[in-house]
Amino acid sequence: MLNITKEELERLRKEYPVGCRVELTKMNDPYRTDLIPGCRGTVKFIDDTGSIHVRWDIGSSLAVIYGEDACKVVASINDTVREQILAIRATALTNMFDTIMVQRLANDMNFYELVIFIEEHRKEYVQFILTGQTE
């Protein structure tokens, strides 16, 4: 069992706040064949050992064990970025899949959050354009 420092525990709790969405990247449990990399869920809490307790979309509630398993935060479009995307779409000045032009328009309109979001989370941006889903 790995020990976790108080500082590392605080960092984990900031990086994975209650309610954030995560995606499993590694599970070191040969008996759990249903929980595989790519599964997504919602963080319930982080215990004092650093284990991230997750309510997985597949119905499981298995924790991501500190030092054994791994997950990452799934970027989610916040209300500001969503409104900025919709404002650019309403201008009808570009195809929304032309991300370079969308970023130029966003910059011209002082939508700096959107410029950065597209740069850092292109996949999530395209997913929103295709489906309207913010995750």
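Me: OK, so two strands pair if DSSP finds at least two bridges between them. In β4, what is the bridge partner of isoleucine 52?
Reply: Valine 64 is the β4 bridge partner of isoleucine 52. Strands here are DSSP runs of E, at least two residues long, and helices are runs of H or I, at least four, both numbered from the N terminus. This is a predicted model, where local features need pLDDT of at least 70 and side-chain atom pairs count only at pLDDT 80 or more, while totals for chains, interfaces and linings use all residues. Residues are numbered from 1 along each chain as its sequence is written, and side-chain values use heavy atoms, with hydrogens and water left out.

Me: How many bridges join β3 to β4?
Reply: Two, with β3 (residues 52-56) and β4 running antiparallel. The two strands form a hairpin with six residues between them, and glycine 59 in that turn has a positive phi of about 105°.

Me: And what about β2 and β3, how many bridges there?
Reply: Five bridges join β2 (residues 40-46) to β3, again antiparallel. Valine 43 sits opposite valine 54 of β3. That hairpin has five residues between its strands, and glycine 50 takes a positive phi near 90°.

Me: Zoom out. In what order do the five strands of the sheet come?
Reply: The order is β4-β3-β2-β1-β5, in an open sheet with antiparallel pairing. β4 (63-64) and β5 (70-73) are at the edges with a single partner strand each, so one side of each has no neighbour in the sheet.

Me: Is β3 enclosed or open, and why?
Reply: β3 is largely enclosed by the rest of the structure, because four of its five residues are buried. Buried means under 20% relative accessible area, exposed means over 50%, and partly exposed is in between (1.4 Å probe, protein chains only).

Me: Which residues of the largest nonpolar core touch the most other members?
Reply: Tyr16, Val22, Ile52, Trp56 and Val64, out of 17 residues in that core. A nonpolar core is a set of buried Ala, Val, Leu, Ile, Met, Phe, Trp, Tyr and Cys residues joined through side-chain atoms within 4.5 Å. α1 (6-15), β1 (21-26), β2 and β3 each supply at least two of its residues, and β3 gives the most, with three. Apart from this core lies another, of 14 residues, including Ile77, Ile88, Leu105 and Leu114.

Me: Back to valine 22, what does that one touch?
Reply: Skipping residues up to four places away in sequence, the list for valine 22 includes Tyr16, Val43, Val54, Trp56, Cys71 and Val73. Contact here is heavy atoms within 4.5 Å.

Me: New topic: glutamine 103. Which helix is it in?
Reply: Glutamine 103 lies in α3 (residues 99-108).

Me: Buried or exposed?
Reply: Glutamine 103 is buried, at 12% relative accessible area. A polar atom of its side chain lies 2.9 Å from the backbone oxygen of valine 115. Leaving aside neighbours within four places in sequence, glutamine 103 contacts Val115, Ile118 and Glu119.

Me: What's the phi of alanine 92, and of asparagine 110?
Reply: Alanine 92 has a positive phi of about 60°, and asparagine 110 has a positive phi of about 65°. Neither is a glycine. Most residues other than glycine have a negative phi. Alanine 92 is in the loop between α2 (79-91) and α3, and is exposed at 64%. Asparagine 110 is in the loop between α3 and α4 (112-120), and is partly exposed at 47%.

Me: Last one. What pattern does the protein follow along the sequence?
Reply: The pattern is α-β-β-β-β-β-α-α-α-α. The radius of gyration is 18 Å, well over the 14 Å that the globule rule gives for 135 residues, so the protein is more spread out than a compact globule. That radius is taken over C-alpha atoms, and the rule is 2.2 Å times the number of residues to the power 0.38. Along its principal axes the C-alpha trace spans about 55 × 35 × 20 Å. Buried residues make up 36% of the 135.

Terms used. Polar contact = N/O pair within 3.5 Å; in protein donor to acceptor, adjacent residues only side chain to side chain.
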